[in-house]
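I am opening a notebook on this structure and will write down what I look up, entry by entry. Please keep the sequence and the structure in view while reading.

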Amino acid sequence: MTKRTDPLARRVLDFCQKRGMLNAPVLCAVSGGRDSMAMLHLLSVLAAEGDFQVTAAHFNHKLRPTADRDEAFVRDWCRERSIPLTCGAGDVREFAARERLSIEDAARRLRYAFLETAARDMGAGCIATAHHREDNAETVLLHLLRGTGLQGLGGIAPVRGKIVRPLLEVSRADIDAYVKRNGVPCVEDESNRDTRYTRNRLRLEVLPLLEEMAPGASERIAAAAALLREENGHMQREAENLLPPAENESITLPVPVLNRQDEAIQRRLVRAMGQKLGVELTREQTEAVLALKSGGCLDLPESLCAIRRPHQLILKKRSPPLPPLALHEGAQDWGPWHVTVRRSTEPAAEAPERIVLRDTGGELTVSVWDGAGRLTVENGSRTIKRLFADAGIPIERRAEHPAVLLDGKPVGILGAATDRTLRPEAGEACYVVTFRRKDMGREP
């Protein structure tokens, strides 16, 4: 049966052509199960009559006793039909334990990483997965149960980067009928019937109940998801049009632009700023950024930080903090700094590049300021945060000012202050710690 006579093949071809899915060599992700085998069979038929090529890839998760059987089945089927195939395997349990992931999430990450590599090695322009209409409905329900916004309620996208889903608008019943009339063989993954997995329970128990209560529920959920994807995409594009480009791992949004938007667009703007810098922010993190007052700073995942100024909201990537370094007499390097420690009994004049401390016999360390601590100064005890502000040092540059610690306690911040109780008297032994920038050979 060809694409001209098989009703499902015609539907899938029209669906793919409207979305530009089959304009390049296609790599089919094949588990050996019914859905992926139906997709591989159908696309190989369309390829034989069309102008694109089909290859296949199988990833062995090594999670079941029958996993090797599935791989052998896929190998044999592809070899008999001269379909190029690449196979891979990974230790999912070890990866899950090491990265502290669920087995499902670990398997998905390893599988998609393999598929990306396989597509590159085989010259494929896209990767086809066999997600269908009920998979989409399950995904929407799963996201809803976990808590989500419009993006999650949009379910599975037909095209996401290199990933395409030719069967996304096809029902499970349509796939069953196609497999039967075309004699497509397949193997069954017994773990798909294990209701300890949330997705399996949704598929085996919840969706059938919803279909019993409201026939056609899966189709309507998937249709609603498609509508929400379109609306979400429109709102996302509108928000991104308000953003300037990122420069030097930083993006700056004028506060008046932010304040002119309603709350929904404000959240999108902040999330889009994070995305431009490669970080997906949660709802809680997004709200925390929006709650910043002028002069505030917030650390976010993946070395990202948010800075609020009177007229600007800035998101920027920070360099990883330098580890502490125990100081000794003489010269040493610490990140971009050349640090010299000299022991003296002569008073040293105050200078921006210098911290002078009475020798107490304790251990000196240089470190990045951790946001805490107090110093005693002429007008009393002040937090280091306050001293930075008094010195006019902006929040985003405070990590550039080394902190000198005595026995683990901050006693001097370069360019801000030195603890008054540790200033040496005339003739008293002291340490003179001098900092110079290595990159430009200049003082701070």
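**Entry 1: a pair of residues, and the strands around it**

I began with Gly 330, which stands opposite Val 341 in β13. Before going on I noted that this is a predicted model, in which local features need pLDDT of at least 70 and side-chain atom pairs count only at pLDDT 80 or more, while totals for chains, interfaces and linings use all residues. Residues are numbered from 1 along each chain as its sequence is written, and side-chain values use heavy atoms, with hydrogens and water left out.

I then looked up the strands themselves: β12 is joined by five bridges to strand β13 (residues 337–344), and the two run antiparallel. Strands here are DSSP runs of E with at least two residues, helices are runs of H or I with at least four, and both are numbered from the N terminus. Two strands count as paired if DSSP finds at least two bridges between them. In the hairpin of β12 and β13 there are two residues between the strands, and Gly 335 takes a positive phi near 55°.

**Entry 2: the sheet that holds this hairpin**

Which order do the strands of this open sheet have? I read it as β12-β13-β21-β14, four strands with antiparallel pairing. At the edges are β12 (330–334) and β14 (354–358), each of which pairs on one side only. From one strand to the next the twist averages 20°, where axes are lines fitted to C-alpha atoms, for helices over the stretch in contact, and angles run from 0 to 180 degrees between N-to-C directions.

**Entry 3: another sheet and its helices**

I turned to an open sheet of four strands in the order β7-β10-β9-β8, again with antiparallel pairing. Its edge strands are β7 (250–254) and β8, each pairing on one side only. Neighbouring strands of this sheet are turned by 15° against each other on average, direction ignored. Five bridges join β7 to β10, which run antiparallel, and Leu 253 stands opposite Leu 313 in β10.

Helix α12 (residues 263–276) lies across β7, β9 (304–308) and β10, and runs at about 30° to β10. Helix α13 (residues 283–290) packs on the sheet as well, touching β8, β9 and β10, and its direction makes about 165° with that of β8.

**Entry 4: two leucines in loops**

Is Leu 281 buried or exposed? Leu 281 is found in the loop between α12 and α13, and it counts as buried because its relative accessibility is 7%; buried means under 20% relative accessible area, exposed over 50%, and partly exposed in between, with a 1.4 Å probe and protein chains only. Leaving aside neighbours within four places in sequence, Leu 281 is in contact (heavy atoms within 4.5 Å) with residues including Val 270, Thr 286, Leu 304 and Leu 315. Leu 300 is 19 residues from Leu 281 in sequence, and their C-alpha atoms are 8.2 Å apart.

I also looked up Leu 167, in the loop between β6 (163–164) and α8 (172–182), which counts as buried because its relative accessibility is 3%. Not counting residues up to four places away in sequence, Leu 167 touches, among others, Val 12, Asp 35, Met 39 and Ile 175. The C-alpha atoms of Leu 167 and Ser 36 are separated by 9.6 Å, although the two are 131 residues apart along the chain.

**Entry 5: the second largest pocket**

How many residues line the second largest pocket? I found 29, of which Arg 318, Val 368, Glu 396, Arg 398 and Ala 399 lie nearest its centre. A pocket, on a 1 Å grid over the protein atoms alone, is an open set of points with protein on both sides within 12 Å along at least five of seven lines, and lining residues have an atom within 4 Å of a point. The largest share of this lining, three residues, comes from β8, and β8 (297–299) and β10 (312–317) each supply at least two residues.

Methods:
1 Å grid on protein atoms, 1.4 Å probe; cavity = no way out; pocket = protein on both sides within 12 Å on 5 of 7 lines; lining within 4 Å.
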